[in-house]
Amino acid sequence: MTVGRFAPSPSGRIHLGNILCCLLAWLSARQKGGNIVLRIEDLDSARCPRRYADQMIEDLLWLGLDWDHGPKVSGPDEPYFQSQRTGIYQAALDQLEALELVYPCFCTRAELHAASAPHREDGQAVYAGTCRQLTPAQQAERARLRPPALRLRVTDREFPFIDGHMGYYVENLERDCGDFLLRRSDGKFAYQLAVVVDDAAMGVTEVVRGADLLSSTPRQLYLYQLLGLTPPTFFHFPLLLSPDGRRLSKRDADAGLDSLRGQVTAEALLGRLAQLAGFHPSGAPSTAEGLLEEFSWEKVPREDIRLPARLFA
C-alpha cells in the first residue's frame, strides 16, 4: 500500500506553498488508495512552539486534508512530533558512528559561509572538509572552546535517482555537497538524518515535497543505504512564488492562512490552488476528494508557479 505523508515545520502559520504541498501529497496517495501520515517536524523547539503545531493541525482539518496516522488520530509509530523522537535519532547516529563515518566539526556559521568557501550554483555552501582530518588531540583542544557539531563523511561517487515528477537527477556528494550535518552543535539532530529515520520507521513509501528539497535527496539516499533502509519514491513539485518572484515564506502575511481563512472558503482555496497547479482548469471551489478524478502528475508544471497579484478576483 502507498503511504504518503505531510511533514510540516510549525514555525508560523502555514502559507499557500505549504497547503499546496499537503494537497498534492494527499491527492497522490489517496488516488492510489493509500494512507497519509502527519508528522510534525519541530526539531528546533524554540522556533516551533506547540501552539503553532496545534494551529497547523486545525488548519489542515479545516481544509479537509485528513490523515490516517498522526496527532489527534494516533497510530503505530507514535510519537508523531520529532521533538519527542530524539532517542530514535540517537540510535541511528550510533549506527553511523559504528561505521566510523562520523566526526566532530568545530566550524562556525561565519566560517562555513565565508566568501572563500566553495558554493553551489544555488548559493549553498559546500563543506570543504575543514575538520575531517583533525587528530584526537586537536579535537579535544577545540572541544574545550566550543561544542562540536557532528558530520557524516561522504564518498566521491554519484547518487542518481528518478524523481516521479522532475525526472532524472544526480549529485556527486563529495563535489556537490561535502560532508553534511547529522547533529548541530546545540545538540539538535539535523533534518537529513531525522527525515530519513522517520520516513522509514513510519513506513512512508512516497514523499511529495517542494523542488527546493530536490538536492537533499542524494544525501538522504546515502543515509538510507548506510542504515540499511528502503527509500521511498520521491515527487518534487515546483515552488509557489510571490507576484514579484520571491519564494513564499511564513512572513508573507497575504499568502498565510490566517489572512485567507477570513476571506474565502476551504473549497475555494483548494480549487484555486489546483488551478494554479495545472490540473483543475476551471478553478471552481472543490473539496480535496472532488479533485481526485482530475489530479495527475503529468498536468503539474515543472517550472515555478508565480502567484497573481490578486489570488481571487
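Which residue forms a salt bridge with D66? The partner is R30, and the closest N and O atoms of the two are 3.2 Å apart; a salt bridge here is a side-chain nitrogen of Lys or Arg within 4 Å of a carboxyl oxygen of Asp or Glu. The structure is a predicted model, in which local features need pLDDT of at least 70 and side-chain atom pairs count only at pLDDT 80 or more, while totals for chains, interfaces and linings use all residues. Residues are numbered from 1 along each chain as its sequence is written, and side-chain values use heavy atoms, with hydrogens and water left out.

Helices (H or I, at least four residues) and strands (E, at least two) are DSSP runs, numbered from the N terminus. R30 counts as buried, at 16% relative accessibility, whereas D66 is partly exposed, with a relative accessible area of 37%. Buried means under 20% relative accessible area, exposed over 50%, and partly exposed in between (1.4 Å probe, protein chains only).

In the whole structure, 20 salt bridges are found. Another of them joins the side chains of R39 and D199, at 2.9 Å from N to O. This pair links distant parts of the chain, with R39 in the loop between β2 and α2 and D199 in helix α7 (residues 191-201), 160 residues apart. Both R39 and D199 are buried. The two residues also belong to a network of salt bridges that links R5, R39, E41, R85, D198 and D199. A further salt bridge, between the side chains of K188 and D186, has an N to O distance of 3.9 Å. K188 is partly exposed, with a relative accessible area of 24%, and D186 is partly exposed, with 43%.

In soluble globular proteins, nonpolar side chains tend to be buried together. A nonpolar core is defined as a set of buried Ala, Val, Leu, Ile, Met, Phe, Trp, Tyr and Cys residues joined through side-chain atoms within 4.5 Å. The largest such core has 49 residues, and those with the most contacts inside it are F6, L16, I19, L65, L269 and F279. At least two residues of this core are supplied by each of α1 (16-30), β2 (35-38), α2 (50-63), β9 (233-237), α9 (257-260) and α10 (266-276). The largest share, eleven residues, comes from α1. Apart from this core lies another, of 36 residues, among them L96, L101, V195 and V204. With residues up to four places away in sequence not counted, F6 touches several residues, including C22, W26, L38, R39, L65 and D66; contact means heavy atoms within 4.5 Å.

D179 is placed in the loop between α6 (173-176) and β7 (180-183) and counts as buried, at 4% relative accessibility. A polar contact of 2.6 Å joins the side chains of D179 and Y103. Such a contact is a pair of N or O atoms within 3.5 Å; within protein, one must be able to donate a hydrogen and the other to accept it, and residues adjacent in sequence count only if both atoms are side-chain atoms. A polar atom of the D179 side chain also lies 2.9 Å from the backbone nitrogen of V154.

E158 is found in strand β5 (residues 158-163) and counts as partly exposed, at 45% relative accessibility. Leaving aside neighbours within four places in sequence, E158 is in contact with V170, E171 and N172.
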